[in-house]
Structures are given as C-alpha cells and as structure tokens.
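Here are a few notes to read alongside the model. Have a look at it first, then go through the points in order.

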Amino acid sequence: MTQAYPLQFKPEMKERIWGGRALEQFGLELPDGAIGEGWMIGDHPNGTTKVMNGSLAGLGLDEIRERYGREFFGTKGYVENGRFPLLIKLLDCNDDLSIQVHPTDSYEKLPKGELGKTEMWYILAAEPGAKIIYGLKEGVDRPALAAAIEEGRVMDCLQEVPVEAGDAFYIPAGTVHALCAGVVVAEIQQNSDTTYRVFDYNRPGLDGKLRELHVEDSLNVTAYEGAGASRMKTDGIGGNEWLAIAESPYFIVEKGLVRAPWKLTTTTESFVILVIAEGSGTLSWDGGKQDVKAGECFLLPASLGGYELDGHLTVLRSVTP
Ligand code: ZN
C-alpha cells in the first residue's frame, strides 16, 4: 500500500476564443492568450494532469490510475480498462460559448473510446446581468429545432436563465446549453470531450475560420422531452453541513461551508474530489497538512481515510455514486 495523501495537480490551461484572464484571480499561472479552461484534474488524451505535490509528484493521473487505480479510485470509482471517471475544470467565460449539446454513453456515433457527457456547473462568479442558455423552450421538437437552425434563428428556441454566484446547474447529456459572457464556473463532468455544436453566433475561431457545426449529431442527441436538467440556489446552508447540488449516475456533488474544524472520511468505494470554491483554510490527514484556498482542487484517494477541513471555506465535494 502506498501512503495515500490528497493529490493536487498542475492544471492544463486551454486557450479558447471565448476565454479571458479571470482564472488569474485564483493565483493560477496562465499562459498568454484568452484562457477559457483550466483542466484541474484530467485523465484524457486531450489533457492529462500531473501531480505537483508530495511523493507522487510528476506522475500523470493516467500513471496514478495504472499503479494505484483500485486503491485510490475506490471499488466504484475504478473501471477496469477505463480512465478516471470524471474531469474537473474551471471555466472563464469572457465571451459567449457556442450553443451545444452532448451525447449520452449510448450514442452510436460517439468517437471511439469516448463516453457521453453529463456535467454540472457551480457558478463561482457572475457579472451583474449575466445569463446562460439552458434547455429548449416548451414544445420545441426535432422538426422545429431543425427548421430554426436552418433559418438562422435557433436562439428563438432556447431558454435564457439569469445566473449569480452560488447557482448550481445539472446538465444531463441531451440538454442544449451554453455558458455566456461574464461567468466563472467550476465544472464537474464525465471524462469526455465530445461536444456537438448547434450554433456559434457566426463568429470566427482562433484560426480566423468559422468553427464546424454538428447539426445532424445535435438533432440526434437532443432530449426534446427534457433530460432531467435542474438548477438550484445553494445559499442558506449552515456551517459544517453538506447540501446535495447534483446527483447523477456518474457523480454526486455536494456543497459544504467550513466554519469550524470538520472531521470527514473517505470510503473504500470512491475517491473524493474537493474543489475549493471560496475562502482559505487547511486540509489535514493522517500524516500531513496543507493550506488550501479558492481555485484549488484535490483528489483524495479512497484509501485516505479520515481527513479534516478547517478555516473559512466553501467546498464542493464529489464522489462516484
Ligand atoms: Zn457542455
């Protein structure tokens, strides 16, 4: 057995046409350019994060999986011949993202080796008046959506929802959605990078050309009757208390406010991912202790056992169900 400890990874920053510099507020080092995504914990061909703390520093999450998969990921979190089940990102939406939809695991035209993508968002910061696109308007069916795309008026079919910091959104595969300008988001999702673009505001990509749309795939995977998407306000919870903010077949996410020393424990069934959404404090475990602050993400091995959070923190805790 390896001595387990909370793993912190060096983020993989991704330039996006809709990105900006907002992730600097977390003290993260950004390369030049419009940085839209920080992949904080990833085990994907398009981004594999490497451990940056402790005795396992330098190992990629893929190598951690190969060496310690079952012990660290847990009996439910470890999938034989599969990658780490989740992908954790911070997003800076300095401009509107394309209108998009993700497939389920069962879509027959998925790229080889890819999974579907069910995700959730927790809004870390929002400018006044910020909004997102979240689901179809009542009664929009496939022919109506197809006609609207064809005629360049897809926005008429979509619901706009105002957002503020602390809002949580569950976005099951099949939900048409888009983050819009002025929000910073923590995203917890299935480990997948498959997106079908419905509409991109006729705007050029980083290379100056229009980005490809995936109209047929989008129409195929959209859940016209709704896919169980839900949104919630998450204020009003007390100190050292968890509130479930997303429950899916792939992840359970809870929000907690640390206001005093809080003793917690992992189980042998699943790893725990902690995303520090606000504040600063400490994370201690059998054999170690470290400072934590907003914007940091940790992977706690299933075999870690007891740990304690202290300080003044807002934390998102994710496990596999
Ligand atoms: Zn998405």
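1. Start with two histidines: His102 is buried, and His177 is buried too. Keep in mind that you are looking at a predicted model.

2. Which residues coordinate the zinc ion? Those two histidines do, each through NE2, together with Glu119 through OE, at 2.1 to 2.2 Å. Read along the sequence, the spacing of the donor residues is H-x16-E-x57-H. His102 sits in the loop between strand E8 (99–101) and strand E9 (119–126), while His177 belongs to strand E13 (residues 177–179), so this pair ties together parts that are 75 residues apart in sequence.

3. Now for the sheet. It is an open one made of 7 strands, in the order E2-E3-E7-E14-E9-E12-E16, with antiparallel pairing. Strand E2 (12–20) and strand E16 (230–233) are at the edges with a single partner strand each, so one side of each has no neighbour in the sheet. On average, neighbouring strands here are turned by 20° against each other, ignoring direction.

4. Strand E12 (residues 167–171) and E16 run antiparallel and are joined by 4 bridges. Look for Phe169, whose bridge partner in E16 is Arg231.

5. Last, an annotation. An unreviewed UniProt entry places the feature "domain: Phosphomannose isomerase type I catalytic" at residues 8–109. In the model, that stretch of residues 8–109 is 13% helix and 34% strand, and its end C-alpha atoms are 35 Å apart.

Notes:
Residues numbered from 1 in each chain as written. Predicted model: local features only at pLDDT ≥ 70, side-chain atom pairs only at ≥ 80, totals over all residues. Heavy atoms only, no water. Donors = N, O, S within 2.8 Å, 3.2 Å for Na, K, Ca; no water. Helix = DSSP H or I, 4+ residues; strand = E, 2+ residues; numbered from the N terminus. Buried < 20%, exposed > 50% of the residue type's maximum accessible area, 1.4 Å probe, protein only. Pairing = 2+ DSSP bridges. Axes fitted to C-alpha atoms, helices over the stretch in contact; angles between N-to-C directions. UniProt positions renumbered as here; feature names shortened; annotations may be inferred.
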